[in-house]
Structure formats: structure tokens, C-alpha cells
Amino acid sequence: MKKALVTGTTGQDGSYLIELLLAKGYEVHGTKRRSSSFNTSRLENLSRERGSKPDNLFLHYADLADAGSLTNLVRDVQPDEIYNLGAQSHVAVSFEVPEYTADVTGVATIRLLEAIRASGLGTRFYQASSSEMFGSTPPPQNEETPFHPRSPYGAAKVYSYWAAVNYREAYGIHASNGILFNHESHRRGETFVTRKITRAVARIVEGLQTELVLGNLDAVRDWGYAPEYVEAMWLMLQHETADDYVIATGEAHSVREFVEAAFARVNLDWEKYVRTDARYERPSEVDALIGDASKAARVLGWKPKTTFTELVNLMVDEDLQSVRDERSGKLVRIDI
Ligand code: NAP
Ligand code: G4F
């Protein structure tokens, strides 16, 4: 049985990756952070489906800012694969907490790579790199496109990207970067723009909210469906040689188009509910990200399946269901 160690298990991607790895028969070890309130809600459906925590899932307290916690975990678990998904992942927030973001989203990658090097175990390493690294370099972006980050988050991800490349070249570690473009789902954090929109649409329909306040509606993103993107992470670590891959749909839409489609799903005119406020704009914006994932298709056989409209519809539908369940008292919180 293969063993995987995943950082960021309580996040959107972590929860989908855990499900994938468990389905493939892995023993999965995940990190979670101490929090004053429950922070494992995204893992709850695993418990709910089975009636208890899956036998092959082990959650450990660790923090990416705490080298000892990471080194001890690698030593104790002896994983075949590490997926480094943990990060301060919010671009706007990174302008408010730049040093913390540099540490957790940047330097922490070296902590994990050093733990692998010290262990001598031959553990394979996945680094959650980001299209945000391309920043102001115009689209389409692929593996050869130069980086020009536009946020402390983007700069920290560039540091981690090169750390993974360097440990591959210097020490022969099987370290791969997945340069993932935006990917969404109903498990997406509520303050990222897609989920903020679909949640607002559901709450407006249910009479719990009257307006939606956003920032820059002209930004263009390449939005895919998260469960398909974690499959690409796994494929990278199964490949004989480590390498770097762009994962994207190649289809571009503006925030305005996302808003339009989400309100259209419930037959509402978005212009009656949406206004903009400069407080949601960033000191420097990334105008357009559109990925060319042809290398991943050619080498890994990975291709996106869910279309933009399907993604918007499924997110709106799930949020409507959640709001209705919550109102009827159906949602029960279980800590895992
Ligand atoms: P997410 O939902 O924000 O999850 C981030 C995870 O990191 C959470 O589990 C969080 O724990 C954990 N974390 C934060 N600070 C930590 C710390 N100091 N120590 C340990 N864990 C910490 O992010 P996501 O959307 O799943 O993205 C996964 C990864 O892919 C991130 O590295 C992100 O930057 C990167 N990425 C995401 C996208 C995208 O479109 N989603 C695209 C490209 C790259 P808590 O739950 O306790 O906060
Ligand atoms: O949803 P967002 O916050 O995602 P962003 O900044 O593209 O970052 C996400 O994708 C990256 C991959 O490219 C990841 F690496 C990163 O971890 C994260 O998952 O914002 C998308 C766009 C931006 O241009 C933003 O300015 O939407 C615009 N926007 C407009 N109004 C807004 C809002 N963004 C947010 N979060 N909230 C708004 O009210």
C-alpha cells in the first residue's frame, strides 16, 4: 500500500485529493492546523459516507511555519509521495500579510524538500504552483512563459516553484510543479470570486441577501473544475520523470461573464443586484490568465472535461441546496 502525505487537507483541493488517493488504495496522512473552531468541514462527507473516519486516513497537527512539525512527520510517516497543497492562498490577503505569505507559501516548500533530502527516502514531491506566477505576462501562458508576479502570493509561489526545480536538479529529487490555473467547485473558499458569486446568488434567491458587492469585473480567468485538477497532480507523481506542467482549460471568461451566467441560472438580471466597490480591488491586478495545457495532454493524457457553463451551474445548484439545507436545519457538523 502506497503512503501519501498531504499538506492543506482541509482546503478545497486537499479534500478532493484525499478522496482520490483513498479511492486508489493509498494510506493517506494529512496535516491540519489547530483552530479555535471546526476547520474540517470539507472532509465531513468522507465521514458521512462511511459513518466514521476512513480507516486509511490519518490527520496530524502540523504547520508549514513550523519546520520541526514537518520534519517529524516525514520521518515518522515515511511517505512515498508528498503533495504540498498548504498555503496562504488568497491573493488579496497576501497584500495584507506579505511576510506571513512569503513564509508559508514560499519558504515552507524548502522545509519539506529539506525533510525529504534528510530522510534519503526517495519520496516524490508535488508542489502546488500557480498561474498567478505569470502575473502580467500576456496569455496564452504555458511552461515556457516567463513569470512576472503581481502579488506577494505570486512572488512566494515563484520562490517555491524554483525551489522544487532546484532540488530536482541539485539532488535528483522527483519534484514536480503543477502550474494550475483557477479551479473551482462548491467546496471553494467563500471569499474567492466564483464562490462569493454563486453563494450570493443562492442567498438572494432565498431572500437572505439583497446585493452582491465585487471589485474588478473585467479580470479574465481560465476556470476549471477542481476534482479534475487533483487527478492531474496524481498523474504527475506517477510519471517516471519529474517535470512541470500547466493545467488549464484554455477557455477564458471575465468575472462579469461569470456573474451573468450565475444569475442567469436562476433567471435573475444580475445588473439589479451587483455593484462594485474599490475596496475589493487589488494594489496590482492580474488582468488575464488563459492556459495552454497541451503538454499535460500529450505527456500525462490529462484533459479537462467540465465546461464553463456546467461549472457555473453546478456551483449555483450546490449553493442553493446548501442554503436550503441550512435553513431547514439539515446540515449537521461533524469534526473528523
Ligand atoms: P485553500 O482552499 O485555501 O486551502 C489551503 C490549505 O492550506 C488549507 O487546508 C489551509 O488550512 C492550509 N494552510 C494555510 N496555512 C497553513 C499553514 N500555515 N500551515 C499548514 N497549512 C496551512 O486552497 P486550495 O484552493 O485548495 O489550493 C490548494 C493549493 O493550490 C494552494 O497552495 C494554492 O495556493 C494552490 N493553487 C490553487 C489554485 C486554485 O485555483 N484553487 C490554483 C493554483 C494554485 P486551514 O483550513 O486551516 O486554513
Ligand atoms: O477568485 P480570486 O480571488 O482568485 P485569484 O486572485 O485569481 O487567485 C486564485 O487563483 C490562483 C490561480 O491563478 C491561485 F493560485 C490562488 O490561490 C487563488 O486560488 O479572484 C479572481 C479575480 C481577480 O482578478 C479579482 O480581482 O476576480 C477579481 N475579483 C473581482 N471582485 C474579485 C472580487 N476577487 C475576489 N476574491 N473578491 C471579489 O469581490
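Predicted model: local features only at pLDDT ≥ 70, side-chain atom pairs only at ≥ 80, totals over all residues.

**Stop one: ligand 1.** Select ligand 1 and bring up the 26 residues around it. The ones that come nearest are Thr10, Asp13, Arg33, Ser89 and Tyr153. Now zoom in on the oxygen atoms of the ligand. One oxygen atom is 2.6 Å from an N or O atom in the side chain of serine 89.

Next, colour by element. Helix 1 (12–23), helix 5 (98–119), strand 5 (124–130) and helix 6 (152–171) each give two or more residues to this shell. Which element gives the largest share? Strand 5 does, with three residues. Colour by class instead and you'll find twelve polar, nine nonpolar and five charged residues around ligand 1.

**Stop two: ligand 2.** Hop over to ligand 2, which has 23 residues around it. Ser130, Ser131, Tyr153, Arg282 and Glu285 come nearest. Pick serine 89 again: a polar backbone atom there is 2.7 Å from an oxygen atom of ligand 2. Then try valine 193, with a backbone N or O atom 2.8 Å from an oxygen atom of the ligand. Threonine 191 has a polar backbone atom 2.9 Å from a nitrogen atom of ligand 2. How much of ligand 2 does the protein cover? It covers 95% of the 710 Å² of accessible area that the ligand has on its own. To finish, colour this shell by class: nine residues are nonpolar, eight polar and six charged.

Note on methods:
Residues numbered from 1 in each chain as written. Chains lettered and ligands numbered in written order. Heavy atoms only, no water. Near = heavy atom within 4 Å. Polar contact = N/O pair within 3.5 Å; in protein donor to acceptor, adjacent residues only side chain to side chain. Helix = DSSP H or I, 4+ residues; strand = E, 2+ residues; numbered from the N terminus. Nonpolar A, V, L, I, M, F, W, Y, C, P; charged D, E, K, R; others polar. Areas by Shrake-Rupley, 256 points an atom, 1.4 Å probe, with all protein chains shown as cover.
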